Amino acid sequence: METVVSGIRSTGKLHLGNYYGALSNFVKMQNEYNCFFFIADLHSLTTHPTPQDLQATVRNVVVEYLAAGIDPEKSTIYVQSDVPEVAELYLYMNMNAYMGELERSTSFKDKVRSNPDNVNAGLLTYPVLMACDILIHHGTKVPVGKDQEQHLEMTRTFANRFNHLYNTAYFQEAFAFSYSEKLVKVPGLSGQGKMGKSNGEADCIYLSDSPEVIRKKIMRAVSDAGPTAPNQTKPEAVQNLFDLMKVVSTADTLTHFDDLYNSCAIRYGDFKKQLAEDMVLATEPVRSRILEIEKDDAYIQKVLKMGAEKAQASAQKTIKEVREIMGLKRLY
Ligand code: TYM
């Protein structure tokens with residue numbers, strides 16, 4: 001059976017981008033594959049969260065994984081730092097990751113631009129750690145959003161290079177996976193780019209947002225003054241709202257508003273009201289489970305203990321084999 005590995009950074013609450021880009025695929029995949037889903041708390045350290053914040057956000061992401069429908073009996077859910085073998089593999093793989101290729105990564109360049117005061121080595125080698133998350137369990141399918149495609153390409157490069165260097169076929173290639181024919185990119189509400197916390201709180205609809213908050217955020221989302229000629233190309237902010245509608249509404253609803261836009265008869269107030277109601281409908285079941293699960297400390301602890309044990313068993317086997325391949329053998 002093929003192995004699936006994927007993670008989400010522990011940077012706080014999960015938004016609709018995480019949900020439709022990754023989580024909804026996780027939920028579907030657990031019936032068909034051997035799945036490992038983890039909370040990437042080591043990756044989060046690149047931004048230096050306080051210890052209290054880090055713990056709270058890890059717990060939050062676990063709760064939201066479970067609320068979204070990941071079943072701890074079918075899948076392995078764990079916290080990345082509970083499996084120190086990942087950090088060990090990261091050390092080994094860093095030896096054959098080159099500065100030039102790491103510096104050229106789009107996500108690194110973006111981070112340098114947005115955060116010039118914190119260009120740390122962890123940021124540079126972020127893709128190596130991500131590759132190790134996948135390779136440690138021999139993952140071949142990785143459910144992620146479009147933004148992670150380049151990281152998957154780098155994962156394949158590191159795996160192939162290791163194989164070549166040690167004349168082995170030990171690591172397999174891993175590929176990004178989505179149930180929809182294309183990888184998903186969920187746009188944000190601020191008028192540009194993908195939904196993400198780095199664009200500000202108002203850019204994101206969180207799975208834990210109440211219906212009132214969702215309605216408020218959608219009504220305030222950036223649009224424009226409206227079309228002035230039939231069949232006009234939509235500006236990015238408006239196209240983004242239509243793309244969001246494509247994600248949460250029915251095809252009929254989308255066509256209805258598209259026709260109104262194309263005939264210059266659209267009223268953004270009605271359009272946004274419909275979008276908000278469809279978002280409330282899409283998120284409400286997850287939100288109500290979040291409210292239930294977050295109260296249940298004993299359940300969360302049980303899930304994570306079970307997950308850490310399963311993930312460690314898999315990781316320890318890989319580390320033993322990798323050490324042997326590399327010649328790290330005890331002489332006593
Ligand atoms: P992260 O935490 O930024 O995002 C988690 C997942 O959500 C997807 N995603 C989106 N998809 C569509 N539209 C959006 N607006 C959007 N925003 C986020 C991401 O593609 C991702 O699948 N590096 C990873 C975490 C990670 C990982 C891994 C993933 C660490 N190790 C190993 C897979 C395998 C990240 O930062 O995701």
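In this predicted model, the structure holds 14 salt bridges. One of them joins the side chains of K194 and D147, with N and O 3.0 Å apart. K194 is in the loop between β5 (175-177) and α10 (211-219), and D147 is in the loop between β4 (141-143) and α9 (149-165), so this pair ties together parts 47 residues apart in sequence. K194 is partly exposed, at 39% relative accessibility, and D147 is also partly exposed, at 43%.

A salt bridge is also found between the side chains of R215 and E277, at 2.7 Å from N to O. R215 belongs to helix α10 and E277 to helix α13 (residues 268-293), so the pair links parts that are 62 residues apart in sequence. R215 has a relative accessible area of 33% and is partly exposed; E277 is partly exposed at 33% relative accessibility. Within helix α14 (residues 297-326), E321 and K317 are 4 residues apart, or about one helical turn, and their closest N and O atoms are 3.0 Å apart in a salt bridge. E321 is partly exposed at 28% relative accessibility, whereas K317 is exposed at 54%.

The protein is divided into domain 1 (3-184 + 296-326) and domain 2 (197-291), whose centres are 31 Å apart over C-alpha atoms. Contact involves 14 residues of domain 1 and 15 residues of domain 2. The two domains bury about 1,300 Å² between them, with 67% of this on carbon and sulfur atoms. On the domain 1 side, K13, L16 and A67 lose the most area, together 42% of what that side buries. Across this interface there are 0 salt bridges, but 4 residue pairs are in polar contact.

Note on methods
Residues numbered from 1 in each chain as written. Predicted model: local features only at pLDDT ≥ 70, side-chain atom pairs only at ≥ 80, totals over all residues. Heavy atoms only, no water. Domains from an automatic or database assignment. Contact = heavy atoms within 4.5 Å. Buried area = accessible area lost by both parts, 1.4 Å probe. Salt bridge = Lys/Arg side-chain N within 4 Å of Asp/Glu carboxyl O. Polar contact = N/O pair within 3.5 Å; in protein donor to acceptor, adjacent residues only side chain to side chain. Helix = DSSP H or I, 4+ residues; strand = E, 2+ residues; numbered from the N terminus. Buried < 20%, exposed > 50% of the residue type's maximum accessible area, 1.4 Å probe, protein only.
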